[in-house]
Amino acid sequence: MKETRKNNYTNQKANKGDKEEKTFDDQVEGRNAVLELLESGKDINKIFVTKGEKHGSINKIIAIAKERKIIIVEKDKRQMEQMAQNQNYQGVIAIVPPFEYCEIEDILDRAKELNEDPFILILDGIEDPHNLGSIIRTAETAGVHGIIIPKRRAASVNSTVNKVSAGAVQYMKIARVTNITDAIEKLKENGLWICGTDINTDKYYYNQDLTGPLGIVIGNEGSGMSEKVKKNCDFLVKIPMKGKITSLNASVSTGIVIYEAMKQRMK
């Protein structure tokens, strides 16, 4: 049965849908995030630095920016604090074009380009931008080809997400969809098996086959996956709990499950 769906993935021709909308959060803040942005080669309109901040990695940022002929503007600390969307902006703010979401087909195409089985993360209502940033960072290091998030009642990519991801946003394909259930159906049509994470199932994540074309669903921080999404999963897994608290932070849960998948896939 699993082989049949994998064959569907191999033979399926993706149909391009409507282009995704853009967001207008156009600041990247923090030294690591700005460095990753510079090194990714993506467009930067301007970089602001705090006057007097000419030490450590700020020097590297300025050097690369000058090499790429990016405008650098020095402002005093009060002006920078007024501009910053995060308290810990570390003396540097980059102004960038709006983040461009991709389509689900673009994520599938990325896997094909690498000649790998698709490995996709589906976030069913992650609301905390810090969690979203952490998840993106972990997913990028684990070789996830892309992430699917909903347009409504969920965090979108903004300066906080970018900073927490330590710049991983620049390398991760992210699709923003109207309906997560419809997205799951599209992935199934392309041969993926869908694994949901739920505390009320019997199977532990390390006892489940997580190889082949795979989508892993992570639910909302408080309520978990919606019932509709849960019913559309092919199988459910859980993480063992021995303490008095019976839930983990969403980004921690994500890391545990996707690294098990990565381990199995590497074998």
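1. Let's start with the lining of the largest pocket: strand 9 and helix 10 (250-266) each supply at least two of its residues. Helix 10 gives the largest share, three residues. Helices here are DSSP runs of H or I with at least four residues, strands are runs of E with at least two, and both are numbered from the N terminus. Please keep in mind that this is a predicted model: local features need pLDDT of at least 70, side-chain atom pairs count only at pLDDT 80 or more, and totals for chains, interfaces and linings use all residues. Residues are numbered from 1 along each chain as its sequence is written, and side-chain values use heavy atoms, with hydrogens and water left out.

2. How big is the volume of the largest pocket? About 480 Å³, taken as the space filled by probe spheres set on grid points joined across faces, edges and corners. Of the 25 residues that line this pocket, Thr197, Asp198, Ile199, Gly224 and Ser253 are the closest to its centre. (A pocket is an open set of points on a 1 Å grid over the protein atoms alone where a 1.4 Å probe fits, with protein on both sides within 12 Å along at least five of seven lines; lining residues have an atom within 4 Å of a point.)

3. Now look at strand 5 (residues 119-124). Six of its six residues are buried, so the strand is largely enclosed by the rest of the structure. Buried means under 20% relative accessible area, exposed over 50%, and partly exposed in between, with a 1.4 Å probe and protein chains only. Phe119, Leu121 and Leu123 point one way, while Ile120, Ile122 and Asp124 point the other way.

4. Which strands pair with strand 5? Strand 9 (residues 214-219) runs parallel to strand 5 and is joined to it by six bridges, and strand 6 (residues 146-150), also parallel, by three bridges. (Two strands pair if DSSP finds at least two bridges between them.) Asp124 stands opposite Gly219 in strand 9, and Leu121 stands opposite Ile147 in strand 6.

5. Helix 5 (residues 104-113) has Ile104, Glu105, Ile107, Leu108 and Ala111 as its buried residues. They cover an arc of only 160 degrees around the axis (from the directions from the helix axis to the C-beta atoms), which puts them on the same side of helix 5. Just after this helix, Asn115 takes a positive phi of about 60 degrees.
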